[in-house]
Amino acid sequence: MLTGIEEVDWASLGHAYGPADDVPALLRGLASDDPAERETALDGMYGAVHHQGDVYDSTLACIPFLLELVADPAVQDRGGIVELLTSIGGIELDADDELDELDPDDEEFIPAANYAMAAAAIAAGADVFLGLVEDTDPEVRLAAPCALASLHPEPARVLTLLRERLTVERDTEVRLALVASVGRIALRHAGLRSETVEWLAWLARAAQDPGLRLAALAQLARCAPAAIPDDVVPWVTELLEEIRAAACGSTGVAGDAGAEVDGGAGGDAGADCGRALPPTLIGQVRELLEEHSAGRPAPWTEELLRTLHSALDDRVDDRIALILTQLRSPDRWQRSDGIWLCGGLIRVWRGRYEEVVRLIGEQLHDPDPRLREAAANFLERLFDVGGPAADALVARLTTGPDGPGAAQGEPGGLDGPGRLDGPAIPGGLDGPGGSGGSGSPSGSGGSGAPSGFVGRSGRDTALLALARAGDTRAVPLLARALEEREVRRELLYAVDGLGPAAATLTPLLRRRLAEVELDEQLFDRASPLLFALAAVRGGQAVPEVLRVLHGAPEFRRDWVRESALRTLAAFGPAAREAVPELRRLLAAESASVATAAARALWAAEGDRGDVLPALERWLRPGSSGPEWCCAALALGEIGPAAAVTAPALMPGLTSRDLWVRVRSATALWRVSGRAEQALPVLLAAWEENRHARVDIAECLAEMGPAASAAQLAILTELTRRRRHNAREGGSGSHDIHQDEKLLTLCRAALARMERGAL
């Protein structure tokens, strides 16, 4: 075994962490009789030789040996090696990465060439995968179909083999992998698509096993979206019920009900339960997956439904109907899957989600803590969209899932105790994204928690969702939270959505701000409190705010000052006590500090001849884009009283920086009403950068009839199904909120235009 491994000059090759002289030991480790050594070796291959999907010269040198290991039935855990080879050889170059279009001297050439050579080398030895579909190890049989569909150079031969194998394979998850791989071949090879689609359509109707029919339907949707039947929702609903019934053993449905209960191919996963395996990344991932699937009678339905939802794409109504079916299911696993699938749907697509949100709210009272946590974490990102779940959130916060007092001491939610937040973006009005922990033991309830409150972290999540929904019933609950030693910072940023009712929080916010130490952690601790005080217009807190302003340490001093000045500006005339300090800071070297001081000074006493000149000094040649934007925003807030600054704003309309153009145009309209000059700039920016649309729509709503030229752009936005800020591979905690805000502003702008036309 591994003949010739010593003949390779591994030290001259490289991987992610330098010379590859450790690779022979990794390859031998893959063939070890010790499961711990095998896992460590596989983890090392992914961590160094195939780091984050990269292919190095050492990766290429490993391919013959990996193929040799896969072919040897004496080697254990070969399924993992097959998956490694599939990953190495299955990277497909984008159109922009074609080798004949790359310069050999370009730094991108070598990685692209390595990917191509890896695919070719594995394809040359891919016949080894053909025999693996009959291997005695179910993990190998589970990995082989995808390897064949991705890497074998004869797709028609593979297609025949996979379809034939389906007639004799008995393991549920392997059968599903066979169907998924058939779909993969259809997607990759247009010449085979027609017959494959026809076969999938037949299998979706003819198979006795409901799981197999659901898998065929999901792949049919991927390969031929136009062929998705109109009755897809009742069809899938019926299949899910059959799967549930079969797994519960309550019907005589044919198929692998027992295998489904045992997790199919995962049945061998517990073979090494008693062995202490090393703490590897692969092991951690495996444990997370096992924990996620623990107790599930048919864990594979989650992936099938995710595939189906992805294929349905913009058929939002069908996707909502499917999720409603899941959320109404007696199977808690289906309800849990419905929540996660809805997260991907609502983040990307606009729609009518009232009933979905209400049903997710109902999950807050489920006996399963994981289901409650999933529901609460989903709801906290919805803001106003979460309104239909408000009653359920209130009940959750005051009674718990099993009646009054039942939830006290409940284990914390997904945030976990002691998790630290990164700093908020200075000057940001929305507060930081993400979710942070409370810093105190979850479930403790804190010194001020009343009887019946849920565990600390779970309570914070539900309370944040309620506050972000704008429900004033959150105010007394926030007051109780403010009595505790630690307060989750997002709760403070949510105060601004609660309106005048939140003014009662002012004394508590003042007290907490007065207790903040003036050390290097000042910004992280004080900025959420300052934001909340600004939201409630707590002018009584001027002494506490000035204490922070004067005592800011050098570390992040400008950030602290800007936050404090924004708060003073929100206090308006109530901040007259701060006027001497505000005048002094007009001359600050930082544009963000100086312009924030100007805004606060204007709000406190109007212009005494120094505010407008202080802002205009940042609208001069040589000012940076951020400096210009700070001044333009401040002038826009002042409005018509700053009309004399209009000439200074004009150069910003032609800046190369889009945000300078947007800020200048909006400020120009607000100070002078010159729509004929501002509107073309705003419309151009609307098309150029979708992330500027919220700010632009706010200005268009103010313009009313003067913005009639923007009517088509607004109507087009309102008819789009996809959220304006949806992006692949990630999302922010405020994305849904920002898109809903855009829609609200667009409707307001359109209404004003239409009224003006009457």
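These questions and answers cover cysteines, a surface patch and aromatic contacts in a predicted model.

Me: How many disulfides does the structure hold?
Reply: A disulfide needs two cysteine sulfur atoms within 2.5 Å. Cysteine 630 is in no disulfide, and its nearest cysteine sulfur, that of cysteine 629, is 7.3 Å away. For the structure, the number of disulfides is 0.

Me: Is cysteine 223 buried or exposed?
Reply: Buried means under 20% relative accessible area. Cysteine 223 has 9% relative accessibility, so cysteine 223 counts as buried.

Me: Is leucine 281 buried or exposed, and which helix holds leucine 281?
Reply: The cut-off for exposed is over 50% relative accessible area. At 58%, leucine 281 therefore counts as exposed. Leucine 281 lies in residues 281–293, which are helix H13.

Me: What accessible area do Leu281, Val285 and Leu289 have together?
Reply: These residues form a nonpolar patch on the surface. Leu281, one of them, is exposed at 58% relative accessibility. Together, Leu281, Val285 and Leu289 have an accessible area of about 300 Å².

Me: How many aromatic pairs are there?
Reply: Rings of Phe, Tyr and Trp pair if their centres lie within 6.5 Å. By this rule, the number of aromatic pairs is 3.

Me: What is the geometry of the pair formed by tryptophan 10 and phenylalanine 65?
Reply: The centres are 6.2 Å apart. The planes make an angle of 50°. Planes under 30 degrees apart count as stacked and over 60 as edge-to-face, so this pair is tilted.

Me: How many residues apart are tryptophan 10 and phenylalanine 65?
Reply: Tryptophan 10 is in the segment before strand S1 (14–15). Phenylalanine 65 is in helix H3 (residues 57–71). Both residues are buried. The pair links distant parts of the chain, and the separation in residues is 55.

Me: Which helices does the pair of phenylalanine 523 and tryptophan 559 link?
Reply: This pair is edge-to-face, at 5.2 Å centre to centre and 70° between the planes. The partners are 36 residues apart. Phenylalanine 523 lies in residues 522–535 and tryptophan 559 in residues 557–571, which are helices H24 and H26.

Me: Is tryptophan 559 buried, exposed or partly exposed?
Reply: Buried means under 20%, exposed over 50%. Phenylalanine 523, at 3%, is buried. Tryptophan 559 has 29% relative accessibility, so tryptophan 559 counts as partly exposed.

Me: Which arginine lies over the face of tryptophan 349?
Reply: The charged end of arginine 205 sits over the ring of tryptophan 235, 3.7 Å from its centre. Over the face of tryptophan 349, at 5.5 Å from the ring centre, lies arginine 722.

How values were computed. Residues numbered from 1 in each chain as written. Predicted model: local features only at pLDDT ≥ 70, side-chain atom pairs only at ≥ 80, totals over all residues. Heavy atoms only, no water. Buried < 20%, exposed > 50% of the residue type's maximum accessible area, 1.4 Å probe, protein only. Patch = residues over 30% accessible without salt bridge, like charges linked within 9 Å, V, L, I, M, F, W, Y side chains within 5 Å. Areas by Shrake-Rupley, 256 points an atom, 1.4 Å probe, with all protein chains shown as cover. Salt bridge = Lys/Arg side-chain N within 4 Å of Asp/Glu carboxyl O. Helix = DSSP H or I, 4+ residues; strand = E, 2+ residues; numbered from the N terminus. Phe/Tyr/Trp six-rings, centres within 6.5 Å; stacked < 30°, edge-to-face > 60°. Lys NZ or Arg CZ within 6 Å of the ring centre and 35° of its normal.
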